[in-house]
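This report describes selected features of a structure, section by section. The sequence and coordinates are shown first.

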Amino acid sequence: MRFIFKTDYAQDIRIAKHGGHWFWYGLLLALLVAAPAFAGEYLLTQLQFIAIYSIVGFGLMLLVGFTGQVSLGHAAFLAVGAYTEGLLQAKGVPFLISLPAAALFAGATGIIVGLPALRLKGIYLAIATLAFNVIVEEIIARWEDLTGGNAGLLVKPAVLLGQAVESPAAFYYLCLALAVMVCLGMINLLRSPTGRAFVAIRDSEISASCMGVNLAKYKTLSFGLSAAITGIAGALYAHKIAFLSPEQFGLFQSIEMLTIVILGGVGFLHGAVLGAAFIIFLPQGIAIAKDWLPPGVATSGVQAVVFGLVLVGFIIFEPLGLYGRWLKIRTYLELFPFYRRGMFRRQKAYAKSERLR
Amino acid sequence: MTSNDAVRERSREEQATGSTAFFEVENLGIRFGGVRAVDGVSFALRPGEVFTIIGPNGAGKTTIFNLIGLIYPASSGRIWFDGRDLTGLAPHRIAELGIARTFQNIELFEHATVLQNLLIGRHRHRRSALWQELLFTPGVRRAELAQREAVEKVIDFLDLAHYRDSLVGGLPYGVRKVIELARALATEPRLLLLDEPSSGLNPEETDDMAFWIEDIKNDLGVTVLMVEHDMSLVARVSDRVLALNEGRPIAQGTPAEVQSHPAVIEAYLGSED
Amino acid sequence: MVQFVQMLLAGTAQGCVYALVALGFVLIYKATETVNFAQGDLMMLGAFFALSGGTLIGLPYWAVILFAALVMAIVGMLIERVVIRPVLGHPAFTVVMITIGVGYVLRGVVTMVPGWGTETYALSTPFGQKVLRVGGAVIAVQELAVIGMTAALCLVLYLFFRYSKLGVAMQASSQNQLAAYYMGIPVRRVNMLIWGLSAAVAAFAGILLAPVTFVHSNMGFIGLKAFPAAVVGGFGSVPGAIVGGLIIGVVEALAGRYLPEGFKDVAAYVVVLIVLFVRPSGIFGETTMKKV
């Protein structure tokens, strides 16, 4: 077990709290950078997806995990980012301009959604974002002149500094770099007044506003930032998939995106990455499991059943998600043999009322 | 002349000097449906004093706080702070102007550490723009260090160093009450609103609370407006007291004057007939 | 004019199905403060049970309804007991995610059942394709039956909540669980029964919807349109759910007739956004504030 003696205020602010952090995160980054050298094409594709979905996770974590606002419509922001990128790319706009444009445009959409959403709470907010998602999906399907409608839109590889990012390794580095940048931005935000204001809104709106936090401003900001980050992921997604069609951005995409956050661990940045990795590897796991099932049962439904069971199981048995599980294991090892089962139990109110939030 | 009229007469006199007062509440009222929960309450605070509102249960004490905190919109009346009309402002503006409050039933950020809770109190002193925070520029770093220094002063002042990095959720009630006080002080308020600071505390903790309120007044020079049940605490720390019954003011004066006022005794004990 | 009446009737019939699904949402929301995203899938499952009740067991139409409702009531109670009760008191959104998970499981399981699978089936009804001619209007008996049966169910539910001991207990515990608990109402058991009731209502809705969309594993997605219905009515108000369902059904029918193609599918969602913008907690919703 490690004890940290604080002798300086800066110690609270530092990203790496102790040498162990430097070592382990450094090792992880080194491995990720070296990955194209040893990973096969398949694994590299998975890593690209994990990087993209991690960005999705960061964006959603900011809104759901740190500001406590619900969104069942984040696929719409992914769509805005993806289509902005795809269309600008087709016009020959370089990636260094089209990517920020995708983020800005998605962010602006987020603010437009966030403004009316200010007055809505809990379930009403969830339904409003769901409605927004359905409407955006329909707009994409019907606005054929711009988006190609249901026929879809082809997206060419990104052009970065005059070079087409075509090789899997190059695209992988692009995704990785953006994921790391977004992650650092999130860390910075969370140790700044704005991030603290978000968390305060999540924990008690009434307290936050009495401490001078402008609820309207910060909720809108959170929506906007979250949507902008999702827009960045959308731009990468567009290049990865190379073919965009409206049904990719329906409600089920939104639910899958939320699942990243919930399985990873709501309220932890690590959770976004762990959740993304889990979601990407889940279909592989299911494919393997299918081989063990009798042929009559191994239908397309297996995927849905496993996905549903994983979701339900996690929430019931590990509400803190994968990262929460890791924290428990680590604490167990550190304290061995003094770990108590109740250590991570949160206060559970009996039928706590949402109506009085 | 009934006691009620006497209070009104007196507040009208004070009104004559008007909104030049440090903090003034003028004819404040709110209805919930047909019920007048607060009706015609007026008082003015002098800088540096401890002013307490007392009254039996349901007299509308906390409601007055929620009106001042703009959590409920007032049905009638005006609230002045430093000659500025507060009515109609958004709730967060109150804190920005330098009024901080605590809650009767503790509204802390349960999943955060004591330090993080107090840092939220520094929100009104932030200076950085969003892009600076995303990059965590040296300016933001300096500001953060300064915020921590300010928070540490409050931690020292209220003797919370021991709990600095503990999660609030797991701490005893009495400690959390002090943390809430600390969070309010971290905003560096000019006016502090305390909603029943002694509720839920044992006699020893109440005693500590009394010391701290005196220190806040004497050492920090912060004006305190308080709602309180415990008459010994009220008598000990208050400079002036306003008694309410059923949402209406019935007496105002020094603690001794108010405690011996017939209308107050009647409100608490019931009339003799 | 004749066409308009016909359309209104078709919209109302469709609205009745939305209303019943929305009713299920509201019952569960009032009891456990959970929005049950699996409500549509419960409806789908109910329709499948009705299908098997008719084809395998050979029950007549009326018995099929009872059979499906009964089986679904048991399924609903099981769901409450197994997955909802353990997470009571968690943030509402966590519980919502659980019901989303349950929905996935139900949809998947249905495709794995021999004889159900991914096929589309027709549920036979006594009304068939019969039509009534009133004046110049051609009215499908099916639509009238849907409206009539919904009205009958609403009446039964009204009497149940108004006069039966259990119904009153359900009302009490959904208004204030703690107070109901102190008054000796077994709140947990009542919650379980409410889930059962709500699943039975879903089965009923599924049977009414079956002649329109046929029975298949994805018919539950219609539940997504019942959300707007429940929200328009103000989540938590039973009459609101009915009114909301009818509003959505009629608006959809009108949008399909008078607006360009594509608007029909989003009409429900546009309506809900407008309603929420004007009244953040629905038409019949109550606004409450947290006490401090």
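## A buried salt bridge in chain C

C:Glu80 is buried, as its relative accessible area is 1%; buried means under 20% relative accessible area, exposed over 50% and partly exposed in between, with a 1.4 Å probe and protein chains only. Its partner in a salt bridge is C:Arg85, with the closest N and O atoms 3.3 Å apart. A salt bridge is here a side-chain nitrogen of Lys or Arg within 4 Å of a carboxyl oxygen of Asp or Glu. C:Arg85 also counts as buried, with a relative accessible area of 17%.

The model is predicted: local features need pLDDT of at least 70, side-chain atom pairs count only at pLDDT 80 or more, totals for chains, interfaces and linings use all residues, and side-chain values use heavy atoms, with hydrogens and water left out. Residues are numbered from 1 along each chain as its sequence is written, while chains are lettered from A and ligands numbered from 1 in the order in which they are written.

## Other salt bridges

Over all chains, the count comes to 23 salt bridges. One of them joins the side chains of A:Glu205 and A:Lys219, at 3.1 Å from N to O. A:Glu205 lies in helix 10 (residues 205-210) of chain A and A:Lys219 in helix 11 (residues 215-241) of chain A, so the pair ties together parts that are 14 residues apart in sequence. Helices (H or I, at least four residues) and strands (E, at least two) are DSSP runs, numbered from the N terminus. Both A:Glu205 and A:Lys219 are buried.

In chain B, the side chains of B:Asp85 and B:Arg78 meet in a salt bridge of 3.2 Å, N to O. B:Asp85 is partly exposed at 25% relative accessibility, and B:Arg78 is partly exposed at 38%. A network of salt bridges links A:Arg196, B:Glu144 and B:Arg148.

## Surface patches

B:Asp156, B:Asp159, B:Glu204 and B:Asp208 form a negative surface patch. Patches are made of residues with over 30% relative accessible area and no salt bridge; like charges are joined within 9 Å, and nonpolar side chains (Val, Leu, Ile, Met, Phe, Trp, Tyr) within 5 Å. Lys and Arg count as positive and Asp and Glu as negative, whereas His and the chain ends are not counted. The place of a charge is taken as NZ of Lys, CZ of Arg, CG of Asp or CD of Glu. B:Asp156 belongs to helix 6 (residues 138-157) of chain B and is exposed at 56% relative accessibility.

A nonpolar surface patch of about 690 Å² has among its members C:Met1, C:Phe4, C:Tyr258 and C:Phe263; accessible areas come from the Shrake-Rupley method with a 1.4 Å probe, and for residues only the protein chains shown count as cover. Helix 1 (residues 2-32) of chain C supplies the largest share of the nonpolar patch, 3 residues. C:Val5, also in the patch, is in helix 1 of chain C and is partly exposed at 37%.

## Buried positions

Helix 2 (residues 61-68) of chain B has 8 of its 8 residues buried, so it is largely enclosed by the rest of the structure. Just after helix 2 of chain B, B:Leu70 takes a positive phi of about 60°.

C:Ala230, in helix 9 (residues 223-233) of chain C, is buried at 0% relative accessibility. Not counting residues up to four places away in sequence, C:Ala230 touches C:Ala22, C:Phe25, C:Val26 and C:Phe235, where contact means heavy atoms within 4.5 Å.
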